[in-house]
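Me: I would like to learn how to read a protein model feature by feature. Please take me through one.

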Amino acid sequence: MSIRARYAYAEWTTMVDPQTSEEFSIQCQEPGCSGEVSIKDGPAEADKWKYQHTISTGHRRFWETQGRATLVGPPPGAVVAGQITGHERAVDLPERSRPPLEPVRGTAWLAP
């Protein structure tokens, strides 16, 4: 008797989360200045804040950090995408709303 197994590897990709927006954090780097802001309206608003800060203080050195939320999953349209959708929803549920775990066929649960 031989055991045959077939493994299919799904390709995964990282994509921007469409339900969130980018965030820009800007901090003035001039000595003694505590000017800083966090903006979610886009790069144009971040540039506008830097320009206004420069006009009012004369400061020209800034540290800017850009961040965005990402999702890891199968590429859009992948066959495995439909199979994984249910798992993503289960993870988002509160702990008491999650469906109970069931043993996989051929395995047994060990009592703690």
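Me: How many helices and strands does the protein have?
Reply: Helices (H or I, at least four residues) and strands (E, at least two) are DSSP runs, numbered from the N terminus. Here there are two helices and five strands. Read from the N terminus on, the elements come in the order β-β-β-α-β-β-α.

Me: Before we go on, what should I know about the model and the numbering?
Reply: This is a predicted model, in which local features need pLDDT of at least 70 and side-chain atom pairs count only at pLDDT 80 or more, while totals for chains, interfaces and linings use all residues. Residues are numbered from 1 along each chain as its sequence is written, and side-chain values use heavy atoms, with hydrogens and water left out.

Me: What share of the residues in the protein is buried?
Reply: Buried means under 20% relative accessible area, exposed means over 50%, and partly exposed lies in between (1.4 Å probe, protein chains only). Of the 112 residues in the protein, 12% are buried.

Me: What share of the contacts comes from residues 24 or more positions apart?
Reply: Contact means heavy atoms within 4.5 Å. Among contacts with a separation of 6 or more, residues 24 or more positions apart account for 57%.

Me: How do I read the length of a helix such as α1?
Reply: The expected span of a helix is 1.5 Å times one less than its number of residues. Helix α1 has 15 residues, and its first and last C-alpha are 21 Å apart, close to the expected 21 Å. After α1 comes Gly-58, with a positive phi near 85 degrees.

Me: Which residues of α1 are buried?
Reply: They are Ala-46, Lys-50 and His-53. These three lie on the same side of α1, because they cover an arc of only 65 degrees around the axis (the arc is that of the directions from the helix axis to the C-beta atoms). The general idea is that an α-helix has 3.6 residues a turn, so residues three or four places apart point the same way.

Me: What covers that buried side, and what does the other face carry?
Reply: The cover over the buried residues includes β2 (23-28), β3 (36-39) and β4. On the face turned away from the buried side are the exposed residues Ala-44, Tyr-51, Ile-55 and Ser-56.

Me: What is His-53 in contact with, beyond its neighbours within four places in sequence?
Reply: His-53, in helix α1, is buried at a relative accessible area of 10%. Its contacts beyond those neighbours are Cys-28, Cys-33, Gly-35, Gly-58, His-59 and Phe-62.

Me: Where is Cys-33?
Reply: Cys-33 sits in the loop between β2 and β3. Leaving aside neighbours within four places in sequence, Cys-33 is in contact with Cys-28, His-53 and His-59.

Me: Which residue does Lys-50 bridge to in a distant part of the chain?
Reply: Lys-50 also forms a salt bridge with Glu-64, where the closest N and O atoms are 2.6 Å apart. This pair links helix α1 with strand β4, 14 residues apart. Through shared partners, Asp-47, Lys-50 and Glu-64 are joined into one network. Lys-50 is buried at 18% relative accessibility, whereas Glu-64 is partly exposed at 35%.

Me: How many aromatic pairs does a search of the whole structure find?
Reply: Rings of Phe, Tyr and Trp (its six-membered ring) pair if their centres lie within 6.5 Å; planes under 30 degrees apart count as stacked, over 60 as edge-to-face and the rest as tilted. The search finds one pair. Trp-49 is in helix α1 (residues 43-57) and Phe-62 in strand β4 (residues 62-67), so the pair ties together parts 13 residues apart in sequence.

Technical notes: A salt bridge is a side-chain nitrogen of Lys or Arg within 4 Å of a carboxyl oxygen of Asp or Glu.
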